[in-house]
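Please open the structure in your viewer and keep the selection tool at hand, as this tour moves from one selection to the next and says what can be found at each stop.

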Amino acid sequence: MRILYFHQHFSTPKGTGGTRSYELARRLIRRGHTVTMVCGTNLRAMATNDGVRTGQTRESVVGGIRVVEIVLPYSNYDGLIKRSITFIRFAFAGIRLALKEDYDLLFATSTPLTAGIPGIAAKLLRGKPFVFEVRDLWPELPKAMGVIKNPVVLAMMSFLEWSSYRASDGCVALAPGIANGIRRRSRPDHPICVVPNACDLDLFSAQADRQEVWPDVEENDLVCVFTGAHGQANGLDAALDAAAELIRRKEHGIYLAFIGDGREKPRLLRRADDEGLVNCLFRDLVPKERLAELLAASDVGMQLLANVPAFYYGTSPNKFFDYIASGLPVLNNYPGWLAEMIAGNELGKVVAPEHAGDFADALVELSSEAGKLEEMGKNARAFAEKEFDRSALARQFEQALLETLKNYKP
């Protein structure tokens, strides 16, 4: 099977983004398939080597994957309009590739929602089978957050969502709630396969020197770490509110560490400084290989999101799977499928959203229950091995693509 794989934000383990597409593509190649990855430009992703540039594209081979980079720089610091223009330009450049490349099946993963446009074109103009992967429900999430309010823009996005689902020959959803969202907008018999994010069990078996990683922390202190984007959706003020509550209570020896970057980070740094939140530690983005060491030297992983009901069942955050692969108990601050999984399998603690007192109480309990903390960490690692092994989920993913190709009727 020859796959043309579109992922605008494709990243490798040497970069600082999620590596789902990289790992899936490598496993497909090992199983005898060929993959051409089409991505955008993001220096933090380390998606391409120094390749050969022809016009708007640069081509190279990374990890055995043929990578075609559409040279369109992108940054989370860009404003909404600039990012939207980049998304649209990527989609239309992708159409040209979808019309000229030689492949059996086109696979596209969101976000952005515009990722589906090359697949729609391939289906309509070349009769190629198209599988669409949905990582987040758009425009439901930005609408719920109030990020996009213009009714015309929302209507256009809703139409693109509907068109992507309807044009595709199958969808891959990263969470059960996402699958339900697809069903509401697609035809009743539409094939939908749930393939959640996965755990890189070998990578996150790393060992680390705690004193070297956290030199300002005592051996018996509790280090709770958050990794990833520092954006509006992540709701990191909830953690800073808890940090302030700990200081008010004169609770010492509990540190909240934030590893990552995003539009909200400068403001969060200013807030921590203005309020004297010395129990908050901020680190820059690190490659995933380095992230494994940082998690190995920590005690708890914080799974945080803004209190938006659309998030409860409509997201599948990479960080959760990295935490449990590392054997870290997870502290979660919003309801939904992950909260149910954490509580039901004793993988950590779940606290009420927007409640600094509950958050602080959980941190104090975790710091004082070393035996319970260790037990939850073991549960987390065992659950990762049982339910979210990357290789097992990659085989499920491969089977979904093969079934689509087998059942395709032009």
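How many salt bridges does the count come to? The count comes to 30 salt bridges, where a salt bridge is a side-chain nitrogen of Lys or Arg within 4 Å of a carboxyl oxygen of Asp or Glu.

Before the first selection, please note that this is a predicted model, in which local features need pLDDT of at least 70 and side-chain atom pairs count only at pLDDT 80 or more, while totals for chains, interfaces and linings use all residues. Residues are numbered from 1 along each chain as its sequence is written, and side-chain values use heavy atoms, with hydrogens and water left out.

**Stop 1: salt bridges**

Select Asp104 and Arg2, whose side chains meet in a salt bridge with an N to O distance of 2.7 Å. This pair links distant parts of the chain, since Asp104 lies in the loop between helix 2 (80-100) and strand 6 (105-109) and Arg2 lies in strand 1 (residues 2-6), 102 residues apart. Helices (H or I, at least four residues) and strands (E, at least two) are DSSP runs, numbered from the N terminus. Asp104 is partly exposed, with a relative accessible area of 23%, and Arg2 is partly exposed as well, at 31%; here buried means under 20% relative accessible area, exposed over 50%, and partly exposed in between, with a 1.4 Å probe and protein chains only.

Next, select Glu245 and Arg248, which also meet in a salt bridge through their side chains, at 2.7 Å from N to O. Both belong to helix 8 (residues 237-248), and because they are three residues apart there, they are separated by about one helical turn. An α-helix has 3.6 residues a turn, so residues three or four places apart point the same way. Glu245 is buried, with a relative accessible area of 16%, whereas Arg248 is exposed, with 57%.

Then move to Asp189 and Arg187, where the salt bridge between the side chains has an N to O distance of 3.5 Å. Asp189 counts as exposed at 58% relative accessibility, while Arg187 is partly exposed at 25%. To finish this stop, select Asp237, Asp241, Glu264, Arg267, Arg271 and Glu275 together, and you will have a network of residues linked by salt bridges.

**Stop 2**

Select helix 10 (residues 288-296), in which Lys288, Leu291, Ala292, Leu294 and Leu295 are buried. These residues cover an arc of only 165° around the axis, which puts them on the same side of helix 10; the arc is that of the directions from the helix axis to the C-beta atoms. What do the buried residues of helix 10 pack against? Their partners are helix 7 (210-213), strand 10 (222-227), strand 11 (254-259), strand 12 (280-283), helix 12 (318-325) and helix 16 (390-407).

Leaving out residues up to four places away in sequence, Phe204 touches Lys288, Leu291, Ala292, Leu295, Asp322, Ala325, Ser326 and Arg381, where contact means heavy atoms within 4.5 Å. If you also select Tyr323, you will find its C-alpha atom separated by 8.5 Å from that of Phe204, although the two residues are 119 residues apart along the chain.

**Stop 3: Trp337**

Select Trp337 in helix 13 (residues 337-344), a residue that is buried, with a relative accessible area of 10%. Apart from neighbours within four places in sequence, Trp337 is in contact with Leu174, Ala175, Pro176, Pro196, Tyr312, Tyr313, Thr315, Ser316 and Phe321.

**Stop 4: two cysteines**

Select Cys224 and Cys280, which are both buried, Cys224 with a relative accessible area of 0% and Cys280 with 9%. The sulfur of Cys224 is 11 Å from the closest cysteine sulfur, in Cys280, and this is too far for a bond. The count of disulfides comes to zero, a disulfide being a pair of cysteine sulfur atoms within 2.5 Å.
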